[in-house]
Amino acid sequence: MKRHWIIEKENPKLKEKLSRSLGISPISAQILISRGIKDETEAESFLKSGLFDLPSPYLLKGMDIAIERIKRAIEGREKIAIYGDYDVDGVTATALFYTFLKNLGSDITYYNPDRLKEGYGINIDAIRKLKIQGVSLIISGDCGITAHKEIEEAKKIGIDFIVTDHHKPPEMIPKAVAVLNPHQIGCPYPGKEIAGVGVIFNLVVALRRSLRDSGFFKKEEPNLGDYLDLVALGTIADCASLTNVNRIFAKEGMKRMSNPRRPGIAALKEVSGVGGEVNSYDVGFKLGPRINAGGRLQSAGVAVELLISNDLERARGLARILNNENSKRQRIEEEIFSDAISQIEGNPRFLESKSLVLSSPNWHPGVIGIVASRIVERYRRPTVLIAIGEDGIGKGSGRSVEGINLYESLCECREPLEQFGGHELAAGISIREEKIDEFRDRFEMAVSKRDGDFIKLKIDCALDLADITDSIVSELDLIAPFGIGNPEPVFLSKSVDVISHRLFKNKHLSLRLKQKGSVFDAIWFNIREPIIVPDQIDIVFIPEINIWNGKRKIRLKIKDIDW
């Protein structure tokens, strides 16, 4: 499916004004405009916002009630549990809240369910286990917004519940002591994009403020900046939109990850081969997957232990375990990916559809989400992969593309589903095997109604290769961190001469390009199929600094070509 190139509209007057007032190049000014910046105030906020610009945590509906209940538990020496999801968002939320309360001297424990044995979310057996341990208050992290029955059961055995979550809430909110979720009706918190760990961080900020006001801290109070590494890790790895509040979380958190004080982050960087400064690519594709690996294949406990550890040598041992699990996950992922590609390429219906729903009894349910992301990247359409269990129940993971709200699409397909939940770009489902064909048809109808961007390639502006300089590429860092909601700047250059090209590893295309005397190396990763490259092409690309054998030079990362 060929992509349509959409070049963002230029605004010459605003571009000149932003360039002059902010001291940036016209190219950077145009990138800001293409991100919806309408004036100098918005542009300055985008580039310079920091921790002091974060909204008050008390804007989260239910925060006052949650704080009072937690303070009562701390003062009464009650045993508190943080119940987190098994993915990176849930693991970082767990580690953050556990560490904060542990440092206060509170009686705190944590629980993360086993993905394969217990599944997603709160479960009654886990609540009963925590009751036996003496827990009287549970705070969920990145889950719980649909746990009506489980929270009612907790009440019956004497456990109070505070739900912190960021997934789209159902019509009925659980009857917990308090529910913190920016998406619930009547919540004025402006940072709707925050991940589960972002909600927990807001809870900790409000709790510290309330404890300070009541004279709790006799000595130095906790520095909450030390927890921003976890917030950035969970936010970026959960593919949350890196805009507004999350942009601040990601920027400030990655600063701290670049020179980590947390032994677990230092050890994680070592096994991931990440040295020095950390960017969103490192978090999303190197650090995050290793944290996720434990929860995908076995238990998230090792990942939590890594992030709460105070001992560097112990952290290194735990990081090596996660690294090995990640290698195992990668092998499983390749097998599933290959099988999924065979299903797609072998079925004309799949190739012609606007969505993909694939299933197999041979797939690992903990890995299909990653494969779904790769399928979306390759075929540019919403995808749901379903691993069918021995009991005939399929566990599915869905990923979507910009412009197609996955959660809303699933709401239209709810009838054949046992359960579902998630957000705009990622979701999970549970379905009986015999209902998969019906779901596939309904999902295709739901996706077809939406005018998505899955065959569109948005371009910030056109420029000549001669305009690409070290200073311009370095200046693009001002617009970082890049990710969902704030993609890497994409440019178009026309009539570029191809000096040479070669395919390596049967999937990557290396090119040497020239335009009006300017010569650059270029790389097009993971092309779908071998192509015949003509002598002159139009290219859509991202300029990047590539360091190879100690040499630093600009390389063009190709997104698409035409001639």
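Here is a walk through this structure, from the whole chain down to a few single residues. Keep in mind that the model is predicted.

Let's start with the overall build. The chain carries 19 helices and 18 strands.

Buried residues account for 56% of the 563 in the chain. The accessible surface comes to about 25,500 Å², and 49% of it belongs to carbon and sulfur atoms. As for charge, there are 80 positive and 79 negative side chains, with the centres of the two sets 2 Å apart.

Next, the interior. In soluble globular proteins, nonpolar side chains tend to be buried together. Here, the largest nonpolar core has 74 residues, and Ile139, Leu203, Ile291 and Leu306 have the most contacts inside it. Helix 8 (residues 196-213) supplies the largest share of this core, at ten residues. There is also a second, separate core of 41 residues, with Leu32, Leu476, Phe482 and Ile539 among them.

Zoom in on Ile139 and you can see what it touches. Not counting residues up to four places away in sequence, its partners include Ile70, Ile80, Ile82, Tyr83, Phe97, Ile162, Ile200 and Leu203. Thr164 is also one of the residues that Ile139 touches.

Two other spots are worth a look. Serine 106 sits in the loop between helix 5 (88-103) and strand 3 (107-111). Is this serine buried or exposed? Its relative accessible area is 8%, which is under the 20% cut-off, so serine 106 counts as buried. Leaving aside neighbours within four places in sequence, serine 106 is in contact with Ile74, Arg77 and Leu101.

Glutamate 153 lies in helix 7 (residues 148-156). With a relative accessible area of 25%, glutamate 153 falls between the 20% and 50% cut-offs, so it is partly exposed. Beyond its neighbours within four places in sequence, glutamate 153 is in contact with Ile124 and Arg128. The C-alpha atoms of glutamate 153 and isoleucine 127 are 8.5 Å apart, although 26 residues separate the two along the chain.

Definitions and conventions. Residues are numbered from 1 along each chain as its sequence is written. This is a predicted model: local features need pLDDT of at least 70, side-chain atom pairs count only at pLDDT 80 or more; totals for chains, interfaces and linings use all residues. Side-chain values use heavy atoms; hydrogens and water are left out. Helices (H or I, at least four residues) and strands (E, at least two) are DSSP runs, numbered from the N terminus. Buried means under 20% relative accessible area, exposed over 50%, partly exposed in between (1.4 Å probe, protein chains only). Contact means heavy atoms within 4.5 Å. A nonpolar core is a set of buried Ala, Val, Leu, Ile, Met, Phe, Trp, Tyr and Cys residues joined through side-chain atoms within 4.5 Å. Accessible areas come from the Shrake-Rupley method with a 1.4 Å probe; for residues, only the protein chains shown count as cover. Lys and Arg count as positive and Asp and Glu as negative; His and the chain ends are not counted. The place of a charge is taken as NZ of Lys, CZ of Arg, CG of Asp or CD of Glu.
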